[in-house]
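The exercises below ask for a careful reading of one chain, each followed by a worked solution. Please keep the sequence and the coordinates open while working through them.

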Amino acid sequence: MELITPRAVRLFNEFVFDSVMKRLELYKKQEHIPENDRRQDMFYFLCKSQNPSTGRPAYTEDELRAEATLLIIAGSDTTTASLASIFWYLVRAPRCYRKLVDELQKTFKTAEDVIYGQKLTLCTYLRACIDEGMRLVPPGPCEPPREVLAGGLNVLNDHYPKGTIVGTAPWCDSLNVDVYGDPGVFRPERWIVDEVAGVTKDMVAEIRTNFHPFLTGPGSCAGKNIALAEILLVVARTLLRFDLRKTPGSTLGEGSPELGWGERDKEQFQVVDAYISVKQGPEVQFRKRSFPETKLD
Ligand code: HEM
């Protein structure tokens, strides 16, 4: 098995093995210090959890490694796909970029003031840019398969018997022209009720109902809150600390006419479906903000 495992997978497995070993050593070392002084990350709670019927640890070391593998993949490639998409579109949409920076600069004095809390979550344009970035590139683009249980399932007028594998692809939902009208356009305003601008409560409710980057129900993302917190913090702090622009001449991530069907739109950030969206780009230049502010030309 070792011989046919691709090198990248082998390196990843070694990385997980190593990280889990080091983290377990720390967990054991800290067993005798007050609980509040211990490192209380996700792994801590996995190590600490007990099987209620036996009172013994809920996970073996192998199971902890399996959990770590899931958490590392589920928690990193997804969030970076979202960030890549948000920045890819923002550096190509100067009006949206300026509006977002204005909101952030009105709300926070410096990047260091940005902490997770109400002040950040109430930045409506920031949240709208994040939703729009995740809509245009859902980090999990294909349909997650679900098996219909005993009794079957009725969807609209169709019946799906027990055992049928069903699913809907966030990629198709996100680009549904009947729901979004202009699905290929990065337009954060579509997420904000503004009757004067013609965006009604019902319109926002309709697109929200259609939008499930983390899925819903029992099989949905276990890390939704931490993912959103990470993305809000990274986008806000980055834009307060740096002025950004697309690297002049860079086309990385763009569609192009000579590419295949579905990859030709220059205005669309291209990703490959590998269950998680695999991306290239964006290429972005950063300039540290100074006061009084200098802007990139
Ligand atoms: C933008 C970021 C993220 C998105 C869009 C996302 C999306 C998803 C989706 C669609 C699923 C369901 C996959 C399936 O059923 O096949 C899922 C599952 C999961 N996610 Fe996330 N995720 C994100 C970030 C994170 C983070 C940061 C963590 C943890 C640190 C995380 C942990 C998990 C776990 C543990 C599962 C499996 C849940 C289960 O099977 O019960 N995710 N995620």
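Helices (H or I, at least four residues) and strands (E, at least two) are DSSP runs, numbered from the N terminus. The model is predicted, and local features need pLDDT of at least 70, side-chain atom pairs count only at pLDDT 80 or more, while totals for chains, interfaces and linings use all residues. Residues are numbered from 1 along each chain as its sequence is written, and side-chain values use heavy atoms, with hydrogens and water left out.

**Exercise 1. Describe the chain as a whole by its secondary structure, extent, burial and contacts.**

The secondary structure comes to ten helices and eight strands. Along its principal axes, the C-alpha trace of the chain spans about 60 × 60 × 45 Å. Of the 297 residues, 34% count as buried. Among the contacts in the chain with a separation of 6 or more, 64% are accounted for by residues 24 or more positions apart.

**Exercise 2. Characterise the packing of helix α4 against helix α10, and follow A236 within it.**

Two packed helices are described by the angle between their axes and the distance between the axes. Axes are lines fitted to C-alpha atoms, for helices over the stretch in contact, and angles run from 0 to 180 degrees between N-to-C directions. Helix α4 (residues 94-107) and helix α10 (residues 224-241) pack at an angle of about 95°, and their axes are 10 Å apart. This makes α4 roughly perpendicular to α10, given that angles under 35 degrees count as roughly parallel, over 145 as roughly antiparallel, 65 to 115 as roughly perpendicular and the rest as oblique.

On the α4 side the contact is made by Y97, L100, V101, L104 and Q105, and on the α10 side by V235, A236, L239 and L240. By class, the contact of α4 with α10 has eight nonpolar, one polar and no charged residues, where Ala, Val, Leu, Ile, Met, Phe, Trp, Tyr, Cys and Pro count as nonpolar, Asp, Glu, Lys and Arg as charged, and the others, Gly among them, as polar.

A236 is buried, with a relative accessible area of 0%. A236 and L100 are 136 residues apart in sequence, yet their C-alpha atoms are 8.9 Å apart in space. Not counting residues up to four places away in sequence, A236 touches L104, V114, L120 and L126.

**Exercise 3. Which protein residue gives a donor to the iron atom of the ligand, and where is that residue placed?**

Donors are N, O and S atoms within 2.8 Å of the metal (3.2 Å for Na, K and Ca); water is not among the atoms, so sites may look incomplete. The iron atom has a single donor from the protein, the SG atom of C221, 2.3 Å away. C221 sits in the loop between α9 (201-209) and α10, and is partly exposed, with a relative accessible area of 34%. L215 lies in the loop between α9 and α10 as well, and its phi is near 60°, a positive value in a residue other than glycine.

How values were computed:
Buried means under 20% relative accessible area, exposed over 50%, partly exposed in between (1.4 Å probe, protein chains only). Contact means heavy atoms within 4.5 Å.
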